[in-house]
Amino acid sequence: MDDVIKQDESKKCFEVMIDGYTAELKYRRKEDLVYEFYHTGVPKELEGKGIGSALVRYALEHARKNNWKINPTCPFVKTYIVRHPEYQDLEK
């Protein structure tokens with residue numbers, strides 16, 4: 001699925017479109033190279049397929065490659081990081 005997830009800088013989100021539905025992870029820049037991941041949205045029609053987790057993983061890998069630190073205020077992102085401690089170093 002990572003090959004269909006895209007970053008849309010104009011909307012400040014990572015998104016994927018599946019079967020006509022769009023799932024997204026929204027972010028905003030807080031300071032130089034520090035980004036707040038504040039909302040993950042997956043339409044009901046796509047729930048339970050691992051799409052939210054794929055979005056978060058993609059966004060965290062993007063953060064790592066671009067030397068971002070993140071402030072995860074979205075509960076879904078926070079929980080993902082707790083369950084995947086290999087990303088805890090990205091937190092600011």
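In these legends to a predicted model, contact means that heavy atoms lie within 4.5 Å of each other.

View 1. Five strands, arranged in the order E1-E2-E3-E4-E5, form an open sheet in which the pairing is mixed. Its edge strands are E1 (6-8) and E5 (69-72), each of which pairs on one side only. Averaged over the sheet and with direction ignored, neighbouring strands are turned by 30° against each other.

**View 2. The pairing of strands E1 and E2.** Strand E1 runs antiparallel to strand E2 (residues 13-18), and three bridges join the two. Within this pairing, Lys6 stands opposite Glu15 in E2.

**View 3. The helices on the sheet.** Helix H1 (residues 51-65) lies across E1, E2, E3 (21-31), E4 (34-41) and E5, and runs at about 140° to E2. Helix H2 (residues 75-83) also packs on the sheet, where it touches E3, E4 and E5, and its direction makes about 120° with that of E5.

View 4. Glu36, which lies in strand E4, has a relative accessible area of 8%; because buried means under 20% relative accessible area, Glu36 counts as buried. Its side chain makes a polar contact of 2.7 Å with the side chain of Arg28, and a polar contact of 2.7 Å also joins the side chains of Glu36 and Thr73. When residues up to four places away in sequence are not counted, Glu36 touches Lys26, Tyr27, Arg28, Lys30, Asn71 and Thr73.

Technical notes
Residues are numbered from 1 along each chain as its sequence is written. This is a predicted model: local features need pLDDT of at least 70, side-chain atom pairs count only at pLDDT 80 or more; totals for chains, interfaces and linings use all residues. Side-chain values use heavy atoms; hydrogens and water are left out. Two strands pair if DSSP finds at least two bridges between them. Helices (H or I, at least four residues) and strands (E, at least two) are DSSP runs, numbered from the N terminus. Axes are lines fitted to C-alpha atoms, for helices over the stretch in contact, and angles run from 0 to 180 degrees between N-to-C directions. Buried means under 20% relative accessible area, exposed over 50%, partly exposed in between (1.4 Å probe, protein chains only). A polar contact is a pair of N or O atoms within 3.5 Å; within protein, one must be able to donate a hydrogen and the other to accept it, and residues adjacent in sequence count only if both atoms are side-chain atoms.
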